[in-house]
Amino acid sequence: MSILLSIVDVYKQYGDKVVLDNIDLRVRQGEFCTVVGPSGCGKSTLLRLILGQETPTQGSIEINRKPAQLPDTNRGIVYQRYSLFPNRTVLENVVLGKTLTEGRWWDPFYRNKFHLEEALYYLNRVRLADAANKYPHELSGGMQQRVAIAQALIMKPPILLMDEPFGALDPDTRADLQLYLLELWEKEGLTIFFVTHDMHEACFLGTRLLVLSQYYSDDRGAGDSANRGGKIVADHVLSRKATSAEVMQDSRFQQLIQQIRQEGFDPEHLQHAKDFNLDHPDSFQTLLASEHKDAS
Amino acid sequence: MKKPQIFGLFAEPGRWQRIAFALLPFVLMVLVYLYFSDVRLAENPNDKLLPSFTQMAEAMERLAFKPSKRTGDYLFWNDTLASLQRIAIGLSLATLAALIFGINMGAFNGLFALGNPFLTFIAMIPPLALLPVLLIAFGIGEVGKVALIFIGTFPIMTRDMALSIRAFPREQIVKAKTLGASDLAVVYKILLPQMMPRLITALRLSIGSAWLFLIAAEAIAAQEGLGYRIFLVRRYLSMDVIIPYVMWITLLGFLMDYGLRLLLRWRYRWYLKG
């Protein structure tokens, strides 16, 4: 499978504050890539960069070997909230991508039978065909997120970005939707980039897990003067064998969680940038001389 | 435990109680009026300040159901029609302009930078101070009155539109772009439909000031209209005409507001529920 997303030497700065610090990342097609990190590590910023909503201060982001543009159909997105358009029924929400792409902007009455059938197909895939004519506010949170997934899938985006999509759901619904998303990922051959702050979710879902964190050290000195931003401090391969929640009880799973907690979430545990645990085969890292004196 | 019905923070008045409470101030107002009106009329049957309901009914019967001796028109209905027409044209134009300008200004940062400072300035001009200008420029015909209503209501509605679009969740715009929308499709297929209920709300709030500007314009230069009639009969101290006219204007304003509220409830349930 080819490389779909390629991020090289990306920095993102807001004013003087560095949020993302020399990010290098390649994601292969078909990967279920989860990103986890403490609050303030810049994971949402990274997602917005990939989405094209913001531009990197430095560095390049390529999707399918083309520089990332402003938001377009090359990326799909599912947010925690605001993914659905409240003035449209479920079916209208799902068919919307087709309507917007094919219909003219001044024509509010554009309809196409085939598109509606396709939308119904996707609604069936998320098991919501019965709710086709309801409005989003009449659905539960879990159902809304399922509609949002169908809405994104109908465009067949090369990469599906998800920004804490299950963050507002209760634990049971959440577990249901996780299993359900895995099933979709497998059947539709999706490439997913999934941002969350929940380590269990990240470990359970992904085939590859990135830990983004601002807690690390390098040769730029200590203290606030270094002005460090978030970096990918760990890049794990996850084995996707069982699609059941039982793995979570597994001792290896628990160990991994412990390890990630230490790598990314512990402000006291500062790994040096040259010692990051980047054992995924697609992982690479280009450190500057200032970050690691032996590197150059 | 039983919840209190009337008193306290947790009171839950029943349906009939709420209706009775709503009516109470009106009934009180009428009673107070009747009392003072009776007192004055008992003292001097020709008193014009607080006419009795019978006197008002007689005056209105004359205006509404008997053709005027001079022109042969039914003055009350003529006035109503003229005023409503002016209000309708003025408010429709203002609403349409607010929708088009407001949405585009709110959505496109370039247009916002161009239009917002100017609009903020325009909104500060007291419309009534412009009335003489409008009368000189457009004469005493319909255009001046419609223009006053437009100028008085359009800047606030436009600003409301623009600002609420700017407060719109950015996620929805990005989402629409990932679904293949062009910039114009985002504005006219995503933002515009979602702004309609907001526009209706802005329009409801503008109805009151639209009437204010209309009455002011009619008072100064007109041949017919509700405001014109009130200021005309003021010379004869005809409170028996003025009071019913004021009530009628209030009722018309209330009905316009109520109609828009029904429209919101009928067409935009998602807005009220969301």
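Analyst: Let's start with α9(B), where B:Leu226, B:Gly227, B:Tyr228, B:Arg229, B:Ile230, B:Leu232 and B:Val233 are buried. Bear in mind that this is a predicted model. The helix covers residues 226–233 of chain B, and seven of its eight residues are buried, so the rest of the structure largely encloses it. What do those buried residues pack against? The partners are α3, α8 and α10 of chain B.

Two of those partners are also tied to each other. B:Arg86 sits in helix α3 (residues 75–107) of chain B and B:Glu218 in helix α8 of chain B, 132 residues apart, so to speak a link between distant parts of the chain. The link is a salt bridge, with the closest N and O atoms 2.5 Å apart. Buried or exposed, these two? Both B:Arg86 and B:Glu218 are buried.

Staying on helix α8 of chain B, have a look at B:Leu203, which lies in that helix. B:Leu203 has 15% relative accessibility, so it counts as buried, the cut-off being under 20%. Leaving aside residues up to four places away in sequence, B:Leu203 touches B:Leu91, B:Thr95, B:Met157 and B:Leu260. For a sense of distance, B:Leu203 and B:Gly225 are 22 residues apart in sequence and 22 Å apart in space, C-alpha to C-alpha.

Now for the pocket. α8 (183–220) and α10 (239–267) of chain B turn up again here: along with α11 (269–273) of chain B and α2 (90–102) and α3 (113–125) of chain A, each supplies at least two residues of the lining of the largest pocket. That pocket has a volume of about 940 Å³. Of its 31 lining residues, the closest to the centre are A:Asn87, A:Arg88, A:Glu92, B:Pro193 and B:Arg267. Which helix gives the most to the lining? That's α2(A), with six residues. Sorted by class, the lining has 18 nonpolar, five polar and eight charged residues.

On to the contact between the chains, which takes 31 residues from chain A and 23 residues from chain B. The size of an interface is often given as the accessible area lost when the parts come together. Here the area buried between chain A and chain B is about 2400 Å², and carbon and sulfur atoms give 69% of that. The count of salt bridges between chain A and chain B is zero, while the structure holds 23 of them over all chains.

A few of the salt bridges in chain A deserve a mention too. A:Asp218 pairs with A:Arg220, their closest N and O atoms being 2.8 Å apart. With 7% relative accessibility, A:Asp218 counts as buried, whereas A:Arg220 is partly exposed at a relative accessible area of 24%. Both belong to a network of salt bridges that links A:Asp21, A:Asp218, A:Arg220 and A:Arg228. Another pair is A:Asp275 with A:Lys274, where the closest N and O atoms are 3.8 Å apart. A:Asp275 counts as partly exposed at 43% relative accessibility, and A:Lys274 is partly exposed as well, with a relative accessible area of 42%.

Notes
Residues are numbered from 1 along each chain as its sequence is written. Chains are lettered from A and ligands numbered from 1 in the order in which they are written. This is a predicted model: local features need pLDDT of at least 70, side-chain atom pairs count only at pLDDT 80 or more; totals for chains, interfaces and linings use all residues. Side-chain values use heavy atoms; hydrogens and water are left out. On a 1 Å grid over the protein atoms alone, a cavity is a set of points where a 1.4 Å probe fits but cannot get out, and a pocket is an open set with protein on both sides within 12 Å along at least five of seven lines; lining residues have an atom within 4 Å of a point. Grid points are joined across faces, edges and corners, and a volume is the space filled by probe spheres set on the points. Helices (H or I, at least four residues) and strands (E, at least two) are DSSP runs, numbered from the N terminus. Ala, Val, Leu, Ile, Met, Phe, Trp, Tyr, Cys and Pro count as nonpolar, Asp, Glu, Lys and Arg as charged, and the others, Gly among them, as polar. A salt bridge is a side-chain nitrogen of Lys or Arg within 4 Å of a carboxyl oxygen of Asp or Glu. Buried means under 20% relative accessible area, exposed over 50%, partly exposed in between (1.4 Å probe, protein chains only). Contact means heavy atoms within 4.5 Å. Buried area is the accessible area (1.4 Å probe) that two parts lose on being put together, summed over both.
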